Amino acid sequence: IALPVVERSAEEIARDKQRDRLYQINEMAGNFFHNCLTQTHYGQPGLAYFHKRHVSDDTIEAFKLGFAPESWDKLTTAFMKKGVTGRELVLLGLAKEKNGHFYDAFRGRVMFPIRDGRSRIVGFGGRVLDNSKPKYLNSPETPIFNKRRLLFAMDLAHKAIYEQGKAILVEGYMDVVSAHNRGIHNVVASLGTSFTPEQARLLQRQAKELVLGYDMDGAGRQATQRAMEIVRGLGMRIRVLSLPQGKDPDEYINAAGPDKFRQAVDEALAATELTELAEAYPPNLNRGEKQRVAIASAIAMHTKYIVLDEPTSGQDSEDKDQLMALLTDLNKKGMTILIISHDMDIFAEYCQRVLVIGNHTKAFDGTPQELFTQRDDLYDLGLSRPDAVTLSMAVPDFPYCKSMKEFTTAMLERIGGMKK
C-alpha cells in the first residue's frame, strides 16, 4: 500500500532549505578552522597547545579540532568571496556586525566543532590560549543548534556508551578530548550549560548507568547535585566520580594514565550510597537537612576539606556532643575541618588551632590552651566572646585580616590551595 504523500507548505520548504544552507556553511567553517590548525603557520599556537596537552594528531583529526587565527576578518573575507553573506555568518555566530561591517567572532582560539546525532556540525566552542576573557566562547542558539538537546562528542561516543551500557559525563571539551585521546570513548560533555532533562534522555537511550565526572569545586558540586536530581527519575543508575586532589578528568588522565582513570570510574560512589550516608545521621545534625547532607556528601566524595558555619546553632547538648564526636573522627581520618562560630567554649577542647577576629582585627592566633591563658588580653579589646573560631589542621603563615569577610575569604583560599 502506497503511503500518502505529505505536501509541505512553502514556509516549510524555505525553512528546510535555510537549514541545509546553514549546515553547509558550518561544514565550511569546520574545514577552515581545521585547515588553519593543521596546514598553515597561523595555527602553530593552537597545534602547540594541543600537543602540550598530549593530544595526538589522530585525535585532532577525529574531532576535527581547529584554530581561529588572530585576525579580524580572515574567515569573513574568505567566506564572502565564496558567496556566503554577512547575515548568514552572524546568524551562525561566526561573525559579528558593527556599523555595517562584518568581522570574525572567533579570533585566536582553539576550536571544538559541535556535531548533532548525524555528525553535522551545528556549532563551535572556542578556547583562548592566554588568560583573556571570556575563556570559552560558544556559538549562540541558531535554527540548527539547541545546546539543551546536544552533548559534545555524542556522535563519537554513542557506540562505546551503548556497548558498555555506561556514559561518563564531564564538564569541559578538553576533558572529553583527553579521555578519547587515551582510549576512553564513552565520555561526553554538556555544552556550557547545566545538564538538562533533554540531555539526560539522550543518554538514557544508550546507557543504563551515568557516571558524573564534574569538577569538585563549588560550581561542580552544585552541577552534580542538579544532574542527580534530573537523572533520578529516569531509571538510570547514577554514580559520582571523585578524583584525587580534586583534579579534573583532563589533568588526571594525563597525570595518572587511562587505567587509573578507569579504576576511579569503577570505584565511583553510587548516588544511593551517598543518600544512605546522609540518612545515617540524625535529622537535626548541623542545623538541619542541608548541612546534614553536606557532611554526608563530603564523606561520600572523599573530600579532604569541609567548611561549617555555626554548626551547633539551635542544638541541645546531646546533639552538640554527637556532632563533635563525628567531626573529631573525620579529622583523625585526615579531613581538614574549618568551623566558623561564635561559641568558642564548645570547640576549644577539639581545636588544633584557634584564630580569633575581634573589632575587625586579628586578636589571637594560637592553640586553645594559649588562648585561655590570655583571655584578659581579649577582654581588653572589648570582646565578651571572640568573633570566630576555627577547628582545623595547622595552616601556617595565615595572613593578617581586617574583617570577618577577609578572614573567611582568606581561609577558604588557603584550604583550596592545600595539598592532600
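Throughout these legends, a residue is called buried when its relative accessible area is under 20%, exposed when it is over 50%, and partly exposed in between, as found with a 1.4 Å probe on protein chains only. The model is predicted, so that local features need pLDDT of at least 70 and side-chain atom pairs count only at pLDDT 80 or more, while totals for chains, interfaces and linings use all residues. Residues are numbered from 1 along each chain as its sequence is written, and side-chain values use heavy atoms, with hydrogens and water left out.

**View 1. The protein chain as a whole.** The protein chain holds 18 helices and 15 strands, where helices (H or I, at least four residues) and strands (E, at least two) are DSSP runs numbered from the N terminus. Of its 420 residues, 48% are buried. Among contacts (heavy atoms within 4.5 Å) between residues at least 6 apart in sequence, 65% join residues at least 24 apart.

**View 2. Serine 190 and its surroundings.** Serine 190 sits in the loop between β8 (187-189) and α8 (197-204), and its relative accessible area of 5% makes it buried. Once neighbours within four places in sequence are left aside, serine 190 is in contact with Leu151, Leu169, Val170, Glu171, Gln199 and Tyr214. For one of these, leucine 169, the separation from serine 190 is 21 residues in sequence and 7.5 Å in space, C-alpha to C-alpha.

**View 3. Helices α10 and α11.** The axes of helix α10 (residues 249-256) and helix α11 (residues 258-266) come within 6 Å and cross at roughly 130°, the axes being lines fitted to C-alpha atoms over the stretch in contact, with angles from 0 to 180 degrees between N-to-C directions. This makes α10 oblique to α11, because angles under 35 degrees count as roughly parallel, over 145 as roughly antiparallel, 65 to 115 as roughly perpendicular and the rest as oblique. Pro249, Tyr252, Ile253 and Ala256 of α10 meet Pro258, Lys260 and Phe261 of α11 in this contact. Just after α10, glycine 257 takes a positive phi of about 100°. Within α10, Pro249, Asp250, Tyr252 and Ile253 are buried, and what covers the buried residues of the helix includes β7 (166-170), α7 and α11.

**View 4. The largest nonpolar core.** A nonpolar core is a set of buried Ala, Val, Leu, Ile, Met, Phe, Trp, Tyr and Cys residues joined through side-chain atoms within 4.5 Å. Of the 56 residues in the largest one, Phe33, Phe50, Leu65, Leu94, Phe112, Phe152 and Phe261 touch the most other members, and helix α1 (residues 10-39) gives the most to this core, with seven residues. Phenylalanine 261 is in contact with Ile168, Ile184, Leu241, Leu243, Pro249, Tyr252 and Ile253, leaving aside its neighbours within four places in sequence.

View 5. Asparagine 181, in helix α7 (residues 173-181), is buried with a relative accessible area of 17%, and its side chain reaches the backbone oxygen of histidine 54 at 2.7 Å. Not counting residues up to four places away in sequence, asparagine 181 touches His54, Val55, Ser56 and Thr59. Asparagine 254, found in helix α10, is partly exposed, with a relative accessible area of 21%.

How values were computed:
Polar contact = N/O pair within 3.5 Å; in protein donor to acceptor, adjacent residues only side chain to side chain.
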